[in-house]
Amino acid sequence: MRKIVYLFLMLCMSSVIHAQTAPAKKIDPHKKVLAVEATCGECQFKMKGKGCSLAIKLDGKNYFVANANIDDYGDAHEKKGFCNSIRKAKVKGEVVDGKFVASYFELIDK
């Protein structure tokens with residue numbers, strides 16, 4: 001019985017690990033690279049949200065980012081982290097339903 005419970009737990013854990021989002025790194029040749037400001041939407045852009053979330057400023061408007069997580073790029077609460085600074089990034093994607101859906105996201109200033 002213990003082996004069955006152990007096996008079940010291992011299967012559950014592996015599915016949780018694989019369900020985590022990976023940073024957006026796929027380069028779509030049909031979309032142009034955009035230079036944007038990236039930061040924590042709540043802490044730096046004063047956007048309304050549920051905790052610290054990655055956001056960009058594109059064409060003077062702020063958007064939360066889908067397909068890229070704030071913690072994929074280091075600790076958000078470090079001195080140069082997104083909650084304490086606004087960073088430069090190269091992105092590809094499009095705005096859908098008020099969010100920027102990233103197919104590519106790379107920090108320029110490391």
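Cys-40 is buried, at 0% relative accessibility; buried here means under 20% relative accessible area, exposed means over 50%, and partly exposed lies in between, computed with a 1.4 Å probe on protein chains only. The model is predicted, so local features need pLDDT of at least 70 and side-chain atom pairs count only at pLDDT 80 or more, while totals for chains, interfaces and linings use all residues. Residues are numbered from 1 along each chain as its sequence is written, and side-chain values use heavy atoms, with hydrogens and water left out.

The cysteine sulfur closest to that of Cys-40 belongs to Cys-43, at 3.6 Å, which is too far for a bond. A disulfide is taken as a pair of cysteine sulfur atoms within 2.5 Å. Cys-43 is likewise in no disulfide, its nearest cysteine sulfur being that of Cys-40. Cys-43 is partly exposed, with a relative accessible area of 28%. Over the whole structure, the search finds 0 disulfides.

The chain holds 1 helix and 5 strands. Read from the N terminus, the order of elements is α-β-β-β-β-β.

The 5 strands close into a barrel in the order β1-β2-β3-β5-β4, with mixed pairing. Neighbouring strands of this sheet are turned by 55° against each other on average, with direction ignored; the axes are lines fitted to C-alpha atoms, for helices over the stretch in contact, and angles run from 0 to 180 degrees between N-to-C directions. Strands of a sheet pair through backbone hydrogen bonds, either parallel or antiparallel. Two strands count as paired if DSSP finds at least two bridges between them.

Strand β2, residues 54–58, runs antiparallel to strand β3, residues 61–66, over 4 bridges. Within this pairing, Ala-55 has Phe-64 of β3 as its bridge partner. Strands β3 and β5 run parallel and are joined by 3 bridges, and here Ala-66 stands opposite Val-101 in β5. Strands β4 and β5 are antiparallel, with 8 bridges between them. These two strands form a hairpin with 2 residues between them, and Asp-97 in the turn has a positive phi of about 50°.

The search of the whole structure finds 2 salt bridges, a salt bridge being a side-chain nitrogen of Lys or Arg within 4 Å of a carboxyl oxygen of Asp or Glu. In one of them, the side chains of Lys-88 and Glu-37 meet at 3.7 Å, N to O. Lys-88 lies in strand β4 and Glu-37 in strand β1, so this pair ties together parts that are 51 residues apart in sequence. Lys-88 is partly exposed at 44%, and Glu-37 is partly exposed at 26%.

The side chains of Lys-90 and Glu-106 also meet in a salt bridge, at 3.9 Å, N to O. This pair links strand β4, which holds Lys-90, with strand β5, which holds Glu-106, across 16 residues. Lys-90 also stands opposite Glu-106 in the pairing of strands. Lys-90 is partly exposed at 33% relative accessible area, and Glu-106 is partly exposed at 22%.

Nonpolar side chains in soluble globular proteins tend to be buried together. A nonpolar core is defined as a set of buried Ala, Val, Leu, Ile, Met, Phe, Trp, Tyr and Cys residues joined through side-chain atoms within 4.5 Å. The largest such core has 21 residues, of which Leu-54, Ile-56, Phe-82, Phe-100 and Phe-105 touch the most other members. Each of β1, β2, β3, β4 (87–96) and β5 (99–107) supplies at least two residues of this core. Leaving aside residues up to four places away in sequence, Phe-100 touches a list of residues including Leu-34, Ile-56, Phe-64, Val-91 and Val-95; contact means heavy atoms within 4.5 Å.

Ala-35, in strand β1 (residues 34–40), is exposed, with a relative accessible area of 71%. Ala-35 and Leu-107 lie 72 residues apart in sequence but 9.7 Å apart in space, C-alpha to C-alpha.

For the chain as a whole, buried residues make up 33% of its 110 residues. Of the contacts between residues at least 6 apart in sequence, 49% join residues at least 24 apart.
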